[in-house]
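Trainee: Can we go through this structure together? I'd like to take it piece by piece.

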Amino acid sequence: MALINLQSFQFYSSSVRTCRSLGMLRKTLNHLSDQGRQLRSWCYGSSVFGTVLSRVRFRYVFCRNYHAELWNQPNSITGTVHLHRDAGNSFKFHGKWMDEQKFFMELNSFNSSNEIFKFLGSLEVISDTMAAAALQKICEFEVDDSGLKNPKDILENEVFRALCFQFENESQKLSDTGLVTALQALIKLHVDRWSTLIVRLVSESQERLDKGQLTIRNLCILGESLLDLEGPGCTMLEQIVNLVQGKKLEEWTTEEIAMVYGMLQMSITEEGQYQDLLNHMNNITLTLAPQLSPKLISRILNSLVILDQTQAIPLVIRLCKYSVKHVPRFTNDELVNVLGAFLHFGHTDQFFTEALERLVPKSSFTMHPEAVSKVMQYCCRKLICSKPIFDAVADSFAYNADKYTTRQIAEYIVPFGTLNYLPPSAPSVFRKLERILNARFTQFQPHTLLNLLHSCTLIERYPVNFLAKIFNPYFLQQLQVQTPGLDRFVLSQLTQLFLTVTLECPFYEENADAPKQTFWRKGLVYPFNA
């Protein structure tokens, strides 16, 4: 177990705290100030170097090319890092020794990367696995679908640079878990793939891969990292999968099975690739389904969808069955994955629907819009007209719709028309919808907008003011250009939309240019303020 000391760049042995990298330090210290030369003398003769250096920590600069792809300039490595060997699984914390469990409890309590950096800066010694876990936690705060949120704040942070310096220079001394976890975090943080740091970590990973001693968990973490770095064409990936296949699947934990599914969903590029391994995993997972946590059920179902494992329907049904009891405990993302599996494989479950009917009325205002829209898709596709769900969703739409994307707005409203259900809060819902259409009409995709307005006519809400825009030549051209084009179904929607408005609203053609209240009921103006 390698330990990292955040008080100096000096390296100690387990028995005597003396410098182990004097040559490297000598070259650097020759260029320092008088205070630096004093430190060099301490380095040679003092056994309390870490304590003395704490007074002048982060004073000296060691330049390295740790820069993100978006920040194409070399970053200097400032900070202090200290590696201990064979010192056990603990680190010094304000003069006391604390085990890793306490460290991870502290780490999980933080709400920002700045808090983590401040915490790390207050410590003297941490293990490589702790440092890697801290980088992973920083990724959770700083990395989203669009990339790294604040590259400059992270990549120029002195504690971050100190950790990078140590990971680069001590790559051979890192534990397997520390190595692969740090590599994964640094790739997520967009450290340059051609930097010395990444090259050394990948090279060291290759050496350990050749020895064939990595655990299933570490193989999966390494595989996912290489997929992010090089894509499915990575040459090391096939070696990783071969090693995974050589392991005894019956001895895998449920967490390891989920990780292998996750790695395979990103690595398979041809139909039928690794199918024998998948078939074996599907059979084993079928027997382990009762032991799976909500998180693992969601992850495995999502992998089965991406891998399109239509031959694993018994596994899908079993996982869906056991997901019923976890509905209240699913996070928004996990619920989206589970519902996605129901939709992809065409499965439905009465008990699952009842669980949603208990969840949505209590949580519709706080659930993520994507989760609610997925619930509505599930009801629409399976023709489930659930009054508790629809009424709760209508109420939340009238209150929160301004925050939704145009796609989510359509997914909220279309099921009401498809299932011919008008909620009690319909006046508020359609007032809100009219305001959104007036403000964001051009933001809707053409086919999405047509589906939305057509569904309104099915519940006798006629979009009179928007009809001219729908039958505008430019809009019709956009419908034709985008998939699926003006096919038979789209033409029938256009025809029904035009006929219902002209028949149910007899004076529409007489005053076509005059703005009207948009949604009508049986030819009469529907009072929005009712």
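Trainee: Where is Glu-460 found?

Mentor: Glu-460 is in the loop between α23 (446–458) and α24 (467–470). Helices here are DSSP runs of H or I with at least four residues, numbered from the N terminus. One caution: this is a predicted model, where local features need pLDDT of at least 70 and side-chain atom pairs count only at pLDDT 80 or more, while totals for chains, interfaces and linings use all residues. Residues are numbered from 1 along each chain as its sequence is written, and side-chain values use heavy atoms, with hydrogens and water left out.

Trainee: Got it. What is phi of Glu-460 near?

Mentor: Near 60°, a positive value in a residue other than glycine. Most residues other than glycine have a negative phi, and most peptide bonds are trans.

Trainee: And why does Glu-460 count as partly exposed?

Mentor: Because its relative accessible area is 28%. Buried means under 20%, exposed over 50%, and partly exposed in between, with a 1.4 Å probe and protein chains only.

Trainee: What about Asn-420, where does that lie?

Mentor: In the loop between α21 (406–418) and α22 (426–440). Phi of Asn-420 is positive too, near 55°. Asn-420 has 56% relative accessibility, so it counts as exposed.

Trainee: Which peptide bond is cis?

Mentor: The one from Thr-483 to Pro-484, with omega near 10°. Pro-484 sits in the loop between α25 (473–481) and α26 (488–504).

Trainee: New topic: helix pairs. What describes two packed helices?

Mentor: The angle between their axes and the distance between the axes. Axes are lines fitted to C-alpha atoms, for helices over the stretch in contact, and angles run from 0 to 180 degrees between N-to-C directions.

Trainee: At what angle do α9 and α10 cross?

Mentor: Roughly 140°, and the axes of α9 (residues 176–188) and α10 (residues 196–211) come within 10 Å. The two are therefore oblique to each other. Under 35 degrees counts as roughly parallel, over 145 as roughly antiparallel, 65 to 115 as roughly perpendicular, and the rest as oblique.

Trainee: Which residues of α9 make the contact?

Mentor: Asp-176, Leu-179, Leu-183, Leu-186 and Ile-187. On the α10 side, the residues include Leu-197, Ile-198 and Arg-208. Contact means heavy atoms within 4.5 Å. By class, this contact has eight nonpolar, one polar and three charged residues. Ala, Val, Leu, Ile, Met, Phe, Trp, Tyr, Cys and Pro count as nonpolar, Asp, Glu, Lys and Arg as charged, and the others, Gly among them, as polar.

Trainee: How many residues does α15 have?

Mentor: Helix α15 (residues 294–306) has 13. It reaches 19 Å from its first C-alpha to its last, close to the 18 Å expected at 1.5 Å a residue. The expected span is 1.5 Å times one less than the number of residues.

Trainee: What do the buried residues of α15 pack against?

Mentor: α13 (254–267), α14 (275–288), α16 (313–323) and α17 (332–344). Leu-296, Ile-300 and Leu-304 are among the buried ones. Asp-308 follows α15, with a positive phi near 50°.

Trainee: Last one: is His-347 buried or exposed?

Mentor: Buried, at 15% relative accessibility. His-347 is in the loop between α17 and α18 (350–363). Leaving aside its neighbours within four places in sequence, His-347 contacts Ile-317, Cys-320, Phe-342, Tyr-378 and Lys-382.
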